[in-house]
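Work through the exercises below with the sequence and the 3D structure open. Each task is followed by a solution in steps.

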Amino acid sequence: MKLSKFFCQIMQIAWLSKSYLKMCDLNFEVEQRYNAENMSPSGRVPFIKCGAFLISELDPIISFVNNKGISLVDKLDSSDKADMRAYMSLVNTVLGSAEMYICWCDKTCYNEVTKPRYGSVYPWPLNRYLPYQKKQQVVKKLAVLGWSQKSLDEVITIVPLPSPVPRPSDIDALLYGHLYTILTSPIPQINDKLANIIRGHEPLIKFVKHMDRKFFGRTTEVSKEYVPLVTEEADLNRTPLDHATDQQSTRGALF
Amino acid sequence: MLKIKHRELSAVQDGARSSLQGEPEMCSMKPGSAEMPKFRKSILQGVAARVDKISIDGLGRTKDDFVKEQVQDVFKARNFEEVIKKAHEARRKLDNLGCFRSVGIFIDTSRGINSTRDGLEVIFHVKEQKRIVGGVNTMVGSNEGSLVVGLKLPNLAGRGEKISAQYSYGSRRTCNFDVTFSKPLRGSLSPLFTTSIFQHASEWPSSGYKMLENGLLLDLSFFSGQNIRHNLQWEGAYRDLSCLSRSSSFQVREQSGPNIKSSVRHILSLDHRDTCIFPTRGILFQLTTEFAGLGGNVGFLKNEALLQSNLQVIRDVVVQGSLQAGLLNRVTDKAVNICDNFFLGGPLSIRGFQFRGVGTHADGNALGSDAYWAAGLHLFTPLPFRPGKGGFGEFFRSHFFLNAGSIGNVNYADDFPHNVKELTQGIRSSYGFGVALRLGSMARVELNYCVPLLVQKGDLASPGIQFGIGVNFL
């Protein structure tokens, strides 16, 4: 079944849902709105608009697409599906929280990347206030998970790196979304430790490159002297940063 | 006690004058006893009088120079009637300062070395407001009930400065507050400077959004001519719009999110009516011009005019005609938010329609427009058979009305006749009758039976009984 009009509205890097939609071979249009977060029914991005329906975040989008009769995992048996769900939740909570931590709790990253980016669309007093407000929310949320008091090094050591499974499934979309975001976001070099850990993990890099080729028709250079390829509309406002750091020293922290 | 001596007025002393017979007359007036019998008036006009001295009794922290200005006019009185009139006027001025709880007048013949033959002494007995006035009350609005805590510091530094604060907490966890500082300035135009910091939460179910507004308002009001008031305002507000429910229309959803409005406003109001509620004569004219876009990300030029005219045809039967119109121009490339648009319909504007029920709707949410006009013709009569005449019945009026209006978007790329057509072809109108009740001296309650006459596609009409409460009615 094909959905003739599949419309997607995305603010930040919404590769999670985007890659899923690509994997399902669905047509969609990407629109960037400065207030996408406020437009979303759940207050989180990304969300899709399909006719009169508005669905936000990956899980609801997956179930919405499943309801339309499209599924990536219909060949899996129920125990595999349960495993997949468990992994997805693990990736979401741990990898997602680690990203949040780096973006909002790490001082350098917050001041140099997150704050200017988040506030850039608002006029003067708001571009100071809104990032601060959002930061408070994130810190509160991370405090519940017990993350807010941790240091960056502690955070990156608790990140589990799952291995990709051979067949495309829902978790691939999720994992690709997270990994691609981490690998290509212009984080200040010293704090880009998480990306370096991932760069040191060969299967994950292979996986990202494979997904890039297969579903997005591009190649992403994620190793040394990396410059992200600007292929999508969403990438246009990115500034390519040199991600070259000493991989060797952080490789030890992997497993 | 503040004593003000008469400045020498040379011209007054000459000419015919009749002196008081017998004992010096003393007159003590209670508030509201302005009317004097006719025969007495002619006698009083013939009685020459000169105010030698004005005393103000009961001043504590209020500064002398501040009250002196208000009573200066009393010295200009030439005869006894004028003394009484001017003293009354001074009393009204003192009352308006908001510094005193009560003001009494006492007129006596002046005694002592400096007194003249027809000399009078006018004594104002004032009672100052307490330093802190406060109150706690509950309020039930259209959406929720709330607890309101108010605190007022009147006459803070002795020259009419006032700080008032109001905080309300609603049953739906909304929190509103308003802290206002005002200070009367010196000058013949009676200027008043006001500044306030506010937070205001509002819900608009008919448009599917709610708004939280935080802002600062600076206001300078002054009079030019009789009853012509000007307000010059600057408002900077941080407004956070969000959807009221998941079912809010996508057009409303698109506009949600925070924005900043910084605008200057000029309000001209001319009020010649005898009272605000149920006036019997006079006109009210109000012109509001607002330019937003000095900073912030909201920009527009908004003009709105209101004209109301009252005419008493026969005793107690008043015909009221009113006309309102508004136009919003997008003069900058900044956005215009849904909350800045004009809306029409409802018990306070075109009756017989749902609140904001006239104009474009998307999924049942009113989206508002750039331009509108609305007109109303009302006939106010006392209740049939006049129950409670002269007393409780005076709070009520029976009321027949005919409302009409239209709302639409003006496209500046289009030619002018087309825009006029847009606003004149799709006329909505309704008629009906009902009972109106006065609440205090500001608000009005209406219970009407409405019949929508002309309804356009997309409007939400609401024929039948309609209830409305508010301050400004069409």
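**Exercise 1. Helix packing in chain A**

A:Ser97, A:Met100, A:Tyr101, A:Trp104 and A:Cys105 in H4(A) meet A:Lys135, A:Val138, A:Val139, A:Leu142 and A:Leu145 in H6(A). The model is a predicted one, in which local features need pLDDT of at least 70, side-chain atom pairs count only at pLDDT 80 or more, and totals for chains, interfaces and linings use all residues. Residues are numbered from 1 along each chain as its sequence is written, while chains are lettered from A and ligands numbered from 1 in the order in which they are written.

Solution. 

Step 1. Helices (H or I, at least four residues) and strands (E, at least two) are DSSP runs, numbered from the N terminus. Two residues are in contact if their C-beta atoms, placed from the backbone, lie within 7 Å.

Step 2. Sort the residues of the H4(A) and H6(A) contact by class: 8 are nonpolar, 1 is polar and 1 is charged. Here Ala, Val, Leu, Ile, Met, Phe, Trp, Tyr, Cys and Pro count as nonpolar, Asp, Glu, Lys and Arg as charged, and the others, Gly among them, as polar.

Step 3. Turn to H8 (residues 170-184) of chain A. H4(A) contributes residues including A:Met84, A:Tyr87 and A:Met88, and H8(A) contributes residues including A:Asp170, A:Ile171 and A:Leu174. The contact of H4(A) with H8(A) has 9 nonpolar, 3 polar and 2 charged residues.

**Exercise 2. Where the chains touch**

Task: how many residues of chain A are in contact with chain B, and which helix gives the largest share of that side of chain A?

Solution. 

Step 1. Count: 10 residues of chain A are in contact with 12 residues of chain B.

Step 2. Assign the chain A side. Helix H2 (36-39) and H6 of chain A each supply at least two of its residues, and the largest share, 4 residues, comes from H6(A).

Step 3. Classify. The side of chain A that touches chain B has 7 nonpolar, 2 polar and 1 charged residues.

**Exercise 3. Strand pairing in chain B**

Task: in which sense do E11(B) and E12(B) pair, and over how many bridges?

Solution. 

Step 1. E11 (residues 209-223) and E12 (residues 228-243) of chain B pair in the antiparallel sense over 15 bridges; two strands pair if DSSP finds at least two bridges between them.

Step 2. Locate a partner: B:Lys210 is bridged to B:Ser242 in E12(B).

Step 3. Inspect the turn. E11(B) and E12(B) form a hairpin with 4 residues between them, and B:Gly225 in the turn has a positive phi of about 80 degrees.

Step 4. Follow E12(B) to E13 (residues 257-271) of chain B. These strands pair in the antiparallel sense over 14 bridges, with B:Gly236 opposite B:Ser262 in E13(B).
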